[in-house]
Amino acid sequence: MQRILIDTDPGVDDALAILYAMLSPELQIEAITTVCGNVPVTQATQNLLTILDVLDLDEFPAIAQGEAEPLVKPLITAAHVHGDDGLGNVSQLRNTDGSPLYPPANTSVLFTSAVDLILEMVTRYPDELALVALGPLTNVAKAIREDAAKMQRLQKIVVMGGVFEEYGNVTTTAEFNIFVDPHAAYEVFDFGVPIHIAPLDATHQVVLTGERLHAEIGKREDNISNFLKDATQACMEFYRQHVGFWGFHIHDALPIGMLTHPEHFESVDAYVQIETEGTLTNGMTIADLRRERRHPNPNARVCIKVAAEAFLDHFFKRLY
């Protein structure tokens, strides 16, 4: 069983990834940390608690709140995609008695910082722990700055982020997670711990249509189905208006699938660099992914191909 720590900025696709991870018997989720990104970090923490309550758990991973600002740049968020609360505005939904339809989980957030919790988990599970980064890499970079020797004992870092041969989703050249904090990404990719990355080139291959989603959640009436229906509406409407189909890309679920079922993913070794200063290219990820041009000192394995239907089938089997 793979021990993991999830660092996240929930986010609708983060929510699906967290549910997927928590329901995957191949994974032991030791801790979850939050970071600013899709929403401010306090909202990210609130969203995490909401997501975990959907699962009706008896025991919870350790939870800590992380960085509220990127290392250098001012924070930009993605409420226009995910809803004002980052979860399709489910925080506004109420039961008939006025109580929240989706309350926070009955668990506590540690007083320790996300950086301290990351370092504690690496110390507890040296060479065993995979850090799964579903948002900007601010917490990870701060942990490296705090204690590089401890962070060297990570087994690997699995990142959702970047784009290489497609257009970006926040600028022409940059993907959101890297764009929000390119300086953190630069430090993480330069650190030397094995990195596995699922860029937009891979995540765009997995198209979850509204028809498929509603067919799956219509098979049963339970808390997960109701949450998925309510949380995804705003995101799917954004895609209908701006991307051209009713549905969305479940970006952050791919790093989880790369851990549980690697046979669905094809990756290549590459030397990934991060642009931190360019006016038009800030946050751009650069690598030569051609097999015949393989860099002699790669710093990452970049996912280039996904068996999309097999992955989606597996994803829904885990949720149901």
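Mentor: Gladly; let us start with Asp14, which is buried at a relative accessible area of 0%. The word buried stands for under 20% relative accessible area, exposed for over 50%, and partly exposed for what lies in between, with a 1.4 Å probe and protein chains only. Before we go on, this is a predicted model, where local features need pLDDT of at least 70, side-chain atom pairs count only at pLDDT 80 or more, and totals for chains, interfaces and linings use all residues. Residues are numbered from 1 along each chain as its sequence is written, and side-chain values use heavy atoms, with hydrogens and water left out.

Trainee: Where is Asp14 found, and with which residues is Asp14 in contact?

Mentor: Asp14 belongs to helix 1. Helices are DSSP runs of H or I with at least four residues, strands are runs of E with at least two, and both are numbered from the N terminus. Contact means heavy atoms within 4.5 Å. Leaving aside neighbours within four places in sequence, Asp14 is in contact with Thr8, Asp9, Asn38, Leu134 and Asp252.

Trainee: Why is helix 1 described as largely enclosed?

Mentor: Because 10 of the 11 residues of helix 1 (residues 12-22) are buried, helix 1 is largely enclosed by the rest of the structure. Among the buried ones are Val12, Asp13, Leu16, Ile18 and Tyr20.

Trainee: What makes the peptide bond from Pro10 to Gly11 cis?

Mentor: Look at omega, which is near 10 degrees for that bond. Gly11 sits in the loop between strand 1 (2-8) and helix 1.

Trainee: Which phi value does Asp56 have, and why is Asp56 called exposed?

Mentor: Phi of Asp56 is positive, about 55 degrees, although Asp56 is not a glycine. Its relative accessibility is 67%, so Asp56 counts as exposed. You will find Asp56 in the loop between helix 2 (41-54) and strand 3 (62-65). That loop between helix 2 and strand 3 also holds Asp58, which is exposed at 79% relative accessibility. From the C-alpha of Asp58 to that of Thr107 is 9.8 Å, and the two are 49 residues apart along the chain.

Trainee: What makes Asn89 partly exposed?

Mentor: The relative accessibility of Asn89 is 21%, so Asn89 counts as partly exposed. Asn89 has a positive phi of about 65 degrees without being a glycine, and lies in the loop between helix 3 (79-82) and helix 4 (114-124).

Trainee: Why does Asn282 count as buried, and what does its side chain contact?

Mentor: Asn282 is at 13% relative accessibility, so the label buried applies. Its side chain makes a polar contact with the side chain of Lys73 at 2.9 Å. A polar contact is a pair of N or O atoms within 3.5 Å; within protein, one must be able to donate a hydrogen and the other to accept it, and residues adjacent in sequence count only if both atoms are side-chain atoms. Asn282 lies in the loop between strand 10 (273-274) and strand 11 (285-286). Beyond neighbours within four places in sequence, Asn282 is in contact with residues including Phe179, Pro182 and Glu277.

Trainee: Is Glu277 buried or exposed?

Mentor: Exposed, because the relative accessible area of Glu277 is 59%. Glu277 is in the loop between strand 10 and strand 11, and touches His183 and Asn282 when residues up to four places away in sequence are not counted. Glu277 and Pro182 are 95 residues apart in sequence and 8.9 Å apart in space, C-alpha to C-alpha.

Trainee: How do you know that the radius of gyration of the protein chain agrees with a compact globule?

Mentor: For 320 residues a compact globule would have a radius of gyration near 20 Å, and the protein chain has 18 Å, which agrees. That radius is taken over C-alpha atoms, and the globule rule is 2.2 Å times the number of residues to the power 0.38. The protein chain has 13 helices and 12 strands, and 56% of its 320 residues count as buried. Among contacts between residues at least 6 apart in sequence, 83% join residues at least 24 apart.
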